[in-house]
Amino acid sequence: MAARIVDTMDRHQVPIYIVAIIVGALAGLAVPDTTGSLSSVMNPALATLLFVTFLQVPIASLAEAARDTRFLSALLVVNFVVVPLLVAALLPLLPGDDAVRIGVLLVLLCPCVDYVVVFTGLAGGDAARLVAATPLLLLAQMALLPLYLRLFMDDAIGDILDVRPFVEAFVVIIVVPLLLAWLTQWLVRADLRRPTPRGLRRLPDTAAATMVPLMVLVLVVVTASQVPHIDGRAGDVARVVPVYIAFLAAMIVLGAALARLWRLPPPRARAVAFSAATRNSLVVMPLALALPDGMEIAAAVIVAQTLVEVVGMAICVRAVPALVKD
């Protein structure tokens with residue numbers, strides 16, 4: 001019975017996530033005073049989700065993937081050369097409000113490192129290589145984001161943006177879960193060699209069954225905590241939605257084209273396409289929350305991107321295998 005429920009959740013992930021966002025939005029509107037307490041739950045929930053994600057990929061696979069320089073170079077070029085060029089082309093379509101623009105730039109300039117792994121796997125992509133690339137993608141966006149923000153905004157952005165939450169997010173959300181996942185895998189392998197295993201061998205499968213509920217928790221918390229900040233700015237948020245749609249559609253195609261240019265095999269090409277299109281909305285949220293008073297709309301703009309992206313993934317999970325055939 002439990003296995004059947006898990007299988008049903010896995011097969012219907014996208015509609016479940018859309019419902020989670022809707023529930024979070026309604027909860028945020030109904031009880032706006034819970035914003036602060038919900039925000040404090042965000043990082044632990046996301047860290048737990050990534051621990052479970054990392055636990056599904058064997059360490060041996062990560063080592064092999066890290067040596068794939070062609071794949072890694074394709075990821076870096078598509079995310080840190082092609083994406084900024086597209087963002088520059090889309091920038092004139094954005095509202096002139098600095099908070100809205102910062103929110104859009106924060107989310108579009110940073111490649112996803114969490115649920116992109118899930119969607120890549122659903123589309124038959126090489127999820128292991130994406131997990132192996134996670135530290136590199138995080139470090140690259142940490143280094144390049146201030147540069148890009150100054151390029152697209154102005155030098156005053158340095159007085160507004162505090163990078164400390166980004167560093168904290170990297171350690172808490174990526175480094176700690178990854179190390180714990182590796183330690184857990186080592187303990188599981190040690191347990192399997194014992195004459196009488198203690199049951200640790202079942203831990204990865206048990207953890208995998210929690211992935212969809214954890215993703216639902218993250219989406220509900222993020223949406224419920226940020227929707228109240230829209231507060232009369234719904235028009236500005238609505239104006240960025242077409243930009244997000246255009247970005248996602250363009251980057252799926254451009255990512256697949258670049259992977260073809262790099263002559264990557266189909267599973268890796270699909271991983272590059274998904275990495276190019278999906279953005280780091282959940283991990284950059286602490287940066288948006290650290291903005292000065294009066295710029296709360298930036299976080300709501302990031303939530304809007306999450307909604308567009310999750311809906312878009314329902315299409316991409318089917319479209320990308322057709323675009324990048326075996």
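This is a predicted model: local features need pLDDT of at least 70, side-chain atom pairs count only at pLDDT 80 or more; totals for chains, interfaces and linings use all residues.
Local features need pLDDT of at least 70 and side-chain atom pairs count only at pLDDT 80 or more, while totals for chains, interfaces and linings use all residues. Residues are numbered from 1 along each chain as its sequence is written, and side-chain values use heavy atoms, leaving out hydrogens and water.

Helix H12 (residues 211–226) packs against helix H16 (residues 297–323) at an angle of about 140 degrees, the axes being 9 Å apart. Helices here are DSSP runs (H or I, at least four residues) numbered from the N terminus. Angles run from 0 to 180 degrees between N-to-C directions. H12 and H16 are therefore oblique to each other; oblique covers what is left after under 35 degrees (roughly parallel), over 145 (roughly antiparallel) and 65 to 115 (roughly perpendicular). In contact (heavy atoms within 4.5 Å), Leu219, Val222, Thr223 and Gln226 of H12 meet Ala299, Ala300, Val303 and Thr306 of H16.

The rings of Tyr17 and Phe119 have centres 6.3 Å apart and planes at 85 degrees, so the pair is edge-to-face (centres within 6.5 Å, planes over 60 degrees apart). Tyr17 belongs to helix H2 (residues 13–30) and Phe119 to helix H7 (residues 116–122), so the pair ties together parts 102 residues apart in sequence. Both Tyr17 and Phe119 are buried (under 20% relative accessible area, with a 1.4 Å probe and protein chains only).

Gly124 sits in the loop between H7 and helix H8 (127–152). Leaving aside neighbours within four places in sequence, Gly124 contacts Pro267 and Arg270.

How values were computed. Helices (H or I, at least four residues) and strands (E, at least two) are DSSP runs, numbered from the N terminus. Rings of Phe, Tyr and Trp (its six-membered ring) pair if their centres lie within 6.5 Å; planes under 30 degrees apart count as stacked, over 60 as edge-to-face and the rest as tilted. Buried means under 20% relative accessible area, exposed over 50%, partly exposed in between (1.4 Å probe, protein chains only).
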